[in-house]
Amino acid sequence: MLRRLMDYLRLLLFVCGVLLGVQVPAFVDQYGKALTAHTQEAKQSLAEFQRDADRFFGGDIDRLIAHYKQNPDAVFNAGGESIEAIYQRYRLLSEALTEFNQSAYGGFDQVVLSPLPEIRQQVWQHFSHSILLDGRAIAFGLLFGLLFAMLCELTLHGCGRCCRGAYRRIRLSAKAQGEARVEKP
């Protein structure tokens, strides 16, 4: 009976691990969608300035920004700084999106190694648990399920051994103390 219970516990741990594991690709997918949306928003914010750069500076937005910054009028000067901030944000997001879409696992690399913190935080706060049924999600879920079940089983097995060893030491100590009392009279 205990053996069957342990088998069911292993199965339960594996299924829990699979369900947790398929959340990782779902998070990466939502991160990618948020990154795409932010990139499109930054591109739209920059579009009017890019049109001016196309019209007056041969498409070079850096020259447009420099023109704004060189203007002695403080308002124009501040406008140049604002345009530059939008442009830098667009470049950062665009590069991150290119890196994200570089390969099938590029998104995983980026989310783990070099995410954009504000986007990762936004996705984490608004994460909706879902189950993606694509090859990557299934493979990741099965691998995570196996590792999770093994880790839990090894932990429980190790705790059991520690508890058994502690119980034996306490029992031997109590037995030795009982024998010592019997010998004292």
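Predicted model: local features only at pLDDT ≥ 70, side-chain atom pairs only at ≥ 80, totals over all residues.
Residues are numbered from 1 along each chain as its sequence is written, and side-chain values use heavy atoms, with hydrogens and water left out.

Let me start with a pair of helices, where helices (H or I, at least four residues) and strands (E, at least two) are DSSP runs numbered from the N terminus. Two packed helices are described by the angle between their axes and the distance between the axes. Helix H2, residues 23-56, packs with helix H4, residues 74-100, at an angle of about 145°, and their axes are 9 Å apart; here the axes are lines fitted to C-alpha atoms, for helices over the stretch in contact, and angles run from 0 to 180 degrees between N-to-C directions. The crossing of H2 and H4 is left-handed, a term used if the near helix is turned anticlockwise from the far one by less than a right angle, with right-handed used if clockwise.

Which residues make this contact? Taking contact to mean heavy atoms within 4.5 Å, H2 contributes residues including Val28, Tyr31, Leu35, Thr39, Leu46 and Phe49, and H4 contributes residues including Ile83, Tyr90, Leu93, Leu97 and Phe100. By class, the contact of H2 with H4 has 14 nonpolar, six polar and two charged residues, where Ala, Val, Leu, Ile, Met, Phe, Trp, Tyr, Cys and Pro count as nonpolar, Asp, Glu, Lys and Arg as charged, and the others, Gly among them, as polar.

Threonine 39 is buried, with a relative accessible area of 5%, and, not counting residues up to four places away in sequence, it touches Tyr90, Leu93, Ser94 and Leu97. Glutamate 95 lies in helix H4 and is partly exposed, with a relative accessible area of 49%; glutamate 95 and threonine 39 are 56 residues apart in sequence and 9.5 Å apart in space, C-alpha to C-alpha.

I turn next to the aromatic rings. The structure holds seven aromatic pairs, where rings of Phe, Tyr and Trp (its six-membered ring) pair if their centres lie within 6.5 Å, and planes under 30 degrees apart count as stacked, over 60 as edge-to-face and the rest as tilted. The rings of tyrosine 31 and phenylalanine 100 have their centres 6.0 Å apart and their planes at 40°, so this pair is tilted. The pair links distant parts of the chain, with tyrosine 31 in helix H2 and phenylalanine 100 in helix H4, 69 residues apart. Tyrosine 31 is buried, with a relative accessible area of 0%, and phenylalanine 100, at 12% relative accessibility, also counts as buried.

Another tilted pair is formed by tyrosine 105 and phenylalanine 108, whose ring centres are 5.7 Å apart and whose planes are at 40°. Tyrosine 105 is partly exposed, with a relative accessible area of 47%, whereas phenylalanine 108, at 12%, counts as buried. Ring pairs also link Phe27, Trp124 and Phe127 into a cluster. Glutamine 23 lies in helix H2 and, at 16% relative accessibility, counts as buried.

Finally, helix H3, residues 61-70: where do its buried residues sit around the axis? The buried residues of H3 are Ile61, Leu64, Ile65 and Tyr68. They cover an arc of only 100° around the axis, which puts them on the same side of H3, the arc being that of the directions from the helix axis to the C-beta atoms. An α-helix has 3.6 residues a turn, so residues three or four places apart point the same way. The buried residues of H3 pack against H2 and H4.

Tyr68 also touches phenylalanine 76, which, leaving aside its neighbours within four places in sequence, is in contact with Tyr68 and Asn71. Phenylalanine 76 is found in helix H4 and counts as partly exposed at 37% relative accessibility.

Notes:
Buried < 20%, exposed > 50% of the residue type's maximum accessible area, 1.4 Å probe, protein only.
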